[in-house]
Amino acid sequence: MIRLSSSKRILITLTVAAASATCICAQTPNTVAFTRPGASENYFAFYADLVDEAPRFPGGDAAMQHFINKERQYPRDAYEAGIEGRVVLGFVVDIDGTIASINVHRGQNRLLVEEAVRIVSVMPKWKPGSLDGHKVPVYCVVTIPFRL
């Protein structure tokens, strides 16, 4: 994923399926394209700061931190080498609360990145985000710290 400032986001034209008809839609600076598991077409997710209600981990932020701390298994080689760091991941919370399209924004060590992706991939369903009273896919970002 190319990381650009919000004013320089690339507008991409993609073919998507919508309302059982194929249409050409343009990605706007307010959305990000993603693919649902098992689907071949692209969908669009809104950025979390642009929806009326952002997605929520079940039980809120404290519960998410508890889940991350409980689930995190420090990679043995990274532990023995004294490697610490933060991994920043982006992902889509889809309209049914499932996590899709996990992307690595930042991570210095491959072992820490792999563990952070694993943690996010086993998260329970979230409460989906909404816009104008309708559930919408929302792109979220989370930082997972690794400290010795």
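User: Which residue in β6 is the bridge partner of Val92?

Analyst: That's Ala100. Keep in mind that this is a predicted model.

User: What makes β5 and β6 a pair of strands?

Analyst: Pairing takes at least two bridges between the strands. Here five bridges join β5 to β6, so they count as paired. The two run antiparallel and form a hairpin with five residues between them. In that turn, Gly97 has a positive phi of about 90 degrees.

User: Where does Asp94 sit, and why is Asp94 called buried?

Analyst: Look at the loop between β5 (85-93) and β6 (99-106). Asp94 has a relative accessible area of 5%. Buried means under 20%, so Asp94 gets that label.

User: Okay, and why is Ile95 called partly exposed?

Analyst: Ile95 is in the loop between β5 and β6 too. Its relative accessible area is 38%. Buried would need under 20% and exposed over 50%, so Ile95 lands in between.

User: How do you know that the side chains of Asp94 and Arg36 make a polar contact?

Analyst: The distance is 2.5 Å. The cut-off for such a pair of N or O atoms is within 3.5 Å, so this one qualifies.

User: Which residues does Asp94 touch, not counting those up to four places away in sequence?

Analyst: Phe34, Arg36, Pro128 and Pro137. With its own neighbours within four places left aside, Ile95 is in contact with Arg36, Pro128, Lys135, Val136 and Pro137.

User: What separates the C-alpha atoms of Ile95 and Lys127?

Analyst: They are 8.6 Å apart, with the two residues 32 residues apart along the chain.

Conventions
Residues numbered from 1 in each chain as written. Predicted model: local features only at pLDDT ≥ 70, side-chain atom pairs only at ≥ 80, totals over all residues. Heavy atoms only, no water. Helix = DSSP H or I, 4+ residues; strand = E, 2+ residues; numbered from the N terminus. Buried < 20%, exposed > 50% of the residue type's maximum accessible area, 1.4 Å probe, protein only. Polar contact = N/O pair within 3.5 Å; in protein donor to acceptor, adjacent residues only side chain to side chain. Contact = heavy atoms within 4.5 Å.
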